[in-house]
Amino acid sequence: MEARRITESLPSKWYRDEAHLDLEMRCIFRREWQLFALAASFPEVNSFVTGTVARYPIVVFRTGADRFAAYHNVCRHRANTLVVEKSGTLKHSIASCGYHGWSYSVDDGALKSSPLFDGQPGFSKANYPLFSVKCDSWAGMVFINFDPKCRPLNEWLADLTEPVSKYNIKDYTLVRTFVFDQKNNWKTFVDGYQECYHCPLVHDNLRRTYQLAQYKVVNGTNSSRHTCPRREVDKGGNRVGGTSHDEGLWLWKYPNIAMSCYPNGCVVMNAEPVSATETRLVVTYRFPPKLAEAEIEELIRFSMQNIHEDNTIVEQCQRGLNAGVYERGPLHLERENGLIFFHNLVRNSIDSDTGFDSLASSEKLPSNGTGEECAGCPVTAAVDF
């Protein structure tokens, strides 16, 4: 019987090559739902937020209580930036270009005014609406998608709805945001998030606070659920044994969203590619409206320590990836099952778009995460330390 080949990581070139990032932009970031902003960033109807997603300038407007409309932030006349401000509120539901005064409805993107163009041969306002983008909200967050044939957002997020529901994060209205400009590929960040093999060595506060022997990663369709029971500690952080009913819940959604949920807060991390070797990590904390300031600061302190430790280690990994001597490395089928799952999703996205097999199929786990075709590759892995 032929021995099964060991499962290996993605090629190092995929972590440093600009042409490959161009491919990922097309195959992944312009196909999958992307987190754009919190719903709380749009305080009233006609509020707007601008930003860049997958290298496209975008503007999103609140058009109703739970309705949003997204467009490419480009005027149809001469491609000027339509909305220049980062955020704000329009007096009316009309957005006007500051170059020649072309104006559009924020509700449907229709061109409403094009000064002096009436009567121009062959011209019709109906032919020049804003370029629209799919937009929807979930749990107090606004997402966009460039693929007109994409699945509805609620369907895309269906596997996260049940675990998140008990935390009522939609009502977490207190917000703190931090931005880290990292010297690493976006996948290097996800690689670190998708396994806790590194936790005992890198995260001393997790080792002291959680029972890492019971850390589990469960892979779904295009998401992973991480759980670990909390251990009781005294004020000095010393173990006193036992467990509490309060487990940590860490979620990851393909391709680049990570979320941690607790009864007293929620942390959302969005890894936005800047270049093949640079990532902007946007970390947003959300808290219940009446939470004491001391609890807020403690959760931020605890979480931020882990984030800083991860940011340091992934930048170290990126330097090794950039060196060019490393090609691929072996992955542990149980302790890195979430990482293997992520790598297969990346491969599948590229293969389905380009029509070629990026790596031999024998090196892959099934993309649906069932493990049916991969003996010894459990979808759920408990890491025993």
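User: Which element gives the most to the lining of the largest cavity?

Analyst: Start with the general idea. Rolling a probe the size of a water molecule over the atoms shows where empty space is left. In this predicted model, helix α7 gives the most to the lining of the largest cavity, with 7 residues.

User: Staying with α7, is Ser-303 buried or exposed?

Analyst: Ser-303 is found in helix α7, which covers residues 293-323. A residue counts as buried when its relative accessible area is under 20%. Ser-303 has a relative accessible area of 10%, so Ser-303 is buried.

User: Which residues does Ser-303 touch, not counting those up to four places away in sequence?

Analyst: With those sequence neighbours left out, Ser-303 touches Val-267 and Tyr-285.

User: Which residues are buried in helix α1?

Analyst: The general idea comes first. An α-helix has 3.6 residues a turn, so residues three or four places apart point the same way. Helix α1 spans residues 18-29, and its buried residues are His-20, Leu-21, Leu-23, Glu-24, Met-25, Cys-27, Ile-28 and Phe-29.

User: What caps the N-terminal end of α1?

Analyst: Asp-17 does: one of its side-chain oxygens lies 3.3 Å from the backbone nitrogen of Ala-19.

User: In what order do the 3 strands of the open sheet lie?

Analyst: The order is β6-β7-β8, with antiparallel pairing. At the edges are β6 (94-96) and β8 (111-113), each of which pairs on one side only. From one strand to the next, the twist averages 35 degrees.

User: How many bridges join β7 to β8?

Analyst: Strand β7, residues 103-105, is joined to β8 by 2 bridges, and the two strands run antiparallel. Opposite Leu-111 in β8 stands Tyr-104.

User: How many helices and strands does the protein chain have?

Analyst: The secondary structure comes to 8 helices and 18 strands. Of the 385 residues in the chain, 51% are buried. Among contacts between residues at least 6 apart in sequence, 63% join residues at least 24 apart.

Conventions
Residues are numbered from 1 along each chain as its sequence is written. This is a predicted model: local features need pLDDT of at least 70, side-chain atom pairs count only at pLDDT 80 or more; totals for chains, interfaces and linings use all residues. Side-chain values use heavy atoms; hydrogens and water are left out. Buried means under 20% relative accessible area, exposed over 50%, partly exposed in between (1.4 Å probe, protein chains only). Helices (H or I, at least four residues) and strands (E, at least two) are DSSP runs, numbered from the N terminus. A polar contact is a pair of N or O atoms within 3.5 Å; within protein, one must be able to donate a hydrogen and the other to accept it, and residues adjacent in sequence count only if both atoms are side-chain atoms. Two strands pair if DSSP finds at least two bridges between them. Axes are lines fitted to C-alpha atoms, for helices over the stretch in contact, and angles run from 0 to 180 degrees between N-to-C directions. Contact means heavy atoms within 4.5 Å.
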